[in-house]
Amino acid sequence: MSEEELRKHRCCFTGHRPEKLHLPEEQIKSLLSEAIKQAIHDGFTTFISGMARGIDIWAAELVLEEKNKNDKIKLICAIPLMGFERSWNEQEKQTYRSIIAKADYVKYVSDHYFRACFQVRNEWMVNHSHRVIATYNGESGGTRNTINYAKRMGVDIINILENNR
C-alpha cells in the first residue's frame, strides 16, 4: 500500500496541556473516546499520538484500549526528541514508557532539541494523517498552530470541544 493509501486510514491528535483545559479530565477522556470510536467506525485504523502530557497521553491510552478489542488498531508515537519526558514526575514517566512499550511504531522526529522541534513533530503527524482529532479551546499555542497547519494541508479536523465550551 502506498503512503497516500496508508494516510487515508491514519488519524492524529492535538490538544492543550491539562492546565489549559477548562473541563474535567474525565469529561475530556469521554469526548476523546467517542471521537476515537467514531474514527474507527469511519475506517481509521492507525492513530498517531505526539505523547505530550494531557490529551496526547490520554488519547494514546484510549487507543490502546481499543487495540485490545480490535487487532487492526495501531498506535504510532511521534516524539519530538529523545528524553522529551525528562522533566515529568515519576508517574507521568511511567505512563509514557508503558505506552511506548505497547506502541506499534515509535518515531523520534529529531535527534536534538531546537526551538521548533515540537512544531516539526506536529507537522509530521499531520503530514501522515487524514484526520486530526483536536481538543482546542481557542487559545493560542501549539494546538492552534497544528490546527492552522492541518487546514492549510486540507486535513479533516474534528474539534471535540466545539460544542462543549
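Analyst: Two strands count as paired if DSSP finds at least two bridges between them. Helices (H or I, at least four residues) and strands (E, at least two) are DSSP runs, numbered from the N terminus. This is a predicted model: local features need pLDDT of at least 70, side-chain atom pairs count only at pLDDT 80 or more, and totals for chains, interfaces and linings use all residues. Residues are numbered from 1 along each chain as its sequence is written, and side-chain values use heavy atoms, with hydrogens and water left out.

By that pairing rule, S3 and S4 are joined in the parallel sense over five bridges. Ile79 has Tyr108 in S4 as its bridge partner. Right-handed means that, with the strands pointing away from the viewer, the path from the first strand over the helix to the second runs clockwise.

Six strands make it up, in the order S4-S3-S2-S1-S5-S6. The sheet is open and the pairing is parallel. Strand S4 (105-110) and strand S6 (156-159) are the edges; each has a single partner strand, so one side of each lacks a neighbour in the sheet. From one strand to the next, the twist averages 25 degrees. Axes here are lines fitted to C-alpha atoms, for helices over the stretch in contact, and angles run from 0 to 180 degrees between N-to-C directions.

Now strand S3 (residues 74-81). Seven of its eight residues are buried, so S3 is largely enclosed by the rest of the structure. Buried means under 20% relative accessible area, with a 1.4 Å probe and protein chains only; exposed is over 50%, and partly exposed lies in between. S3 also pairs with S2, in the parallel sense over four bridges. There, Ser49 stands opposite Cys77 in S3. The crossover from S2 to S3 passes through helix H3 (residues 55-69) and is right-handed.

Next, S1 and S2. Strand S1 (residues 10-15) pairs with strand S2 (residues 46-49) in the parallel sense over three bridges. Cys11 has Phe47 in S2 as its bridge partner. Helix H2 (residues 25-41) packs on the sheet and touches S1, S2 and strand S5 (131-135). Contact means heavy atoms within 4.5 Å. The direction of H2 makes about 170 degrees with that of S5. Helix H6 (residues 142-153) also packs on the sheet, touching S1, S5 and S6. Its direction makes about 145 degrees with that of S1.
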